[in-house]
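Look at the structure first, then read on.

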Amino acid sequence: MSAAGRRVFGLAVSVVIVAAAIAACRPNGDTGYVEIKTVPNAPVISTALYIDSAKLAPIRKGTAILRQSTGTFKLQADGASGALAQLCEIVVARNRITTVTVSVLERPPRCQCRNSGADAAHTCVS
Amino acid sequence: MMTRLPAPIQAIEARFPAVLLFACALIVSTDVGRAADATTSAASPVEAFSEQLEAFQKSVPDLNKSIEDSAGTIDSATDVEKARAEIGRLKETVSALLGAVSDNGPVSQLGAKALDHIHGKLRALAQDNRFKPEERQFLIEQWKKLEVQTEGATKELDDARAQFVGLLHTLQDNEDFIGELLEIRQAEKALEVIRQLTHEIRDASSQLNKLIGGIKPPGT
């Protein structure tokens, strides 16, 4: 395919992707944020964290803010047996930030919620 | 009966699709950029980051205008419910822009990708024997210059992200407090909180404007 042909093809693909993404980004495609703070604060933490089964990039400078679809998710870490160990649940609400502090010195790491809501023992809400 | 909305609210409503569209375009552009990588020059991750950053900076005056208009509307509001609706709209705007600079957002990810690319280039050049020593030295110096600029822009983006997070926290915490006040029929106190909130919003907006406006995209 010629360079011009590739460019036109690329543009067409981009238009399709953008159109699909705009459809996906309509206000009813609700998203919020998860703010993860780690203590003690370190340039990069080695503890691998997961939201459900998705592994998070190493957290730099003790904090990360992640865009997340709304709903309830498990914050997990690598467990001693090799399986994932659940630290707490995180409820993500539309256009809101749910903040959780993870103490990474403990084994397994421990969650501290900024707001646990009225009736949730181990669930962080926004 | 439908009531006609005040002009500032109409203006915000008119701009909101543009802000949302920009945020969505930023979100997908990483994928577009990834697809283009195979055919573009070696410097493209840095260029892509620089372009996205400039596009993001261009969106900030609109954000400030929205915030100023909203703050003005909230200031003059005597109806708590209208003010609450305005806070909801502000949250929507701030949230859309935070999406671009969040750690898993397109601008931040392009910044990390650009830095990886620069570090890889510097490692490769250190072992590259194709060029004369002075030529290699020149290339290394140029890449190091780009490294400093990219690290600087990334750091400033981190600060802007923290400001966005702070602003969204302020909005949601005040929204909750106002909700609690209304539950105990303290509408007057709620209006006081709302007025105080507009000062905080204006301060945050002004800081964001300075921070983001001051970011220098690498290679420019």
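## Disulfides and a pocket

The S-S bond of A:C88 and A:C111 has a torsion of about -55°, so this disulfide is left-handed. A:C88 sits in strand β6 (residues 84-92) of chain A and A:C111 in strand β8 (residues 110-113) of chain A, so the bond ties together parts 23 residues apart in sequence. Both A:C88 and A:C111 are buried.

The model is predicted. A search of the whole structure finds 2 disulfides over all chains. A:C113 and A:C124 form a disulfide too. Their link is also left-handed, with -70° about the S-S bond. This pair joins distant parts of the chain: A:C113 lies in strand β8 of chain A and A:C124 in strand β9 (residues 123-124) of chain A, 11 residues apart.

| Disulfide | Sulfur-sulfur distance |
|---|---|
| A:C88 and A:C111 | 2.1 Å |
| A:C113 and A:C124 | 2.0 Å |

Is A:C113 buried or partly exposed? A:C113 has a relative accessible area of 23%, so it counts as partly exposed. A:C124 is buried, at 0%. In sequence order, the bonded cysteines of chain A pair 1-2, 3-4.

Now the second largest pocket. Its space is about 650 Å³. The lining has 26 residues, and A:A57, A:L66, B:D103, B:N104 and B:Q109 lie nearest the centre. Elements giving two or more residues to this lining are β3 (54-55) and β4 (63-69) of chain A, with α4 (106-126) and α5 (133-183) of chain B. The largest share, 6 residues, comes from α4(B). By class, the lining has 12 nonpolar, 7 polar and 7 charged residues.

Technical notes
Residues are numbered from 1 along each chain as its sequence is written. Chains are lettered from A and ligands numbered from 1 in the order in which they are written. This is a predicted model: local features need pLDDT of at least 70, side-chain atom pairs count only at pLDDT 80 or more; totals for chains, interfaces and linings use all residues. Side-chain values use heavy atoms; hydrogens and water are left out. On a 1 Å grid over the protein atoms alone, a cavity is a set of points where a 1.4 Å probe fits but cannot get out, and a pocket is an open set with protein on both sides within 12 Å along at least five of seven lines; lining residues have an atom within 4 Å of a point. Grid points are joined across faces, edges and corners, and a volume is the space filled by probe spheres set on the points. Helices (H or I, at least four residues) and strands (E, at least two) are DSSP runs, numbered from the N terminus. Ala, Val, Leu, Ile, Met, Phe, Trp, Tyr, Cys and Pro count as nonpolar, Asp, Glu, Lys and Arg as charged, and the others, Gly among them, as polar. A disulfide is a pair of cysteine sulfur atoms within 2.5 Å. Buried means under 20% relative accessible area, exposed over 50%, partly exposed in between (1.4 Å probe, protein chains only).
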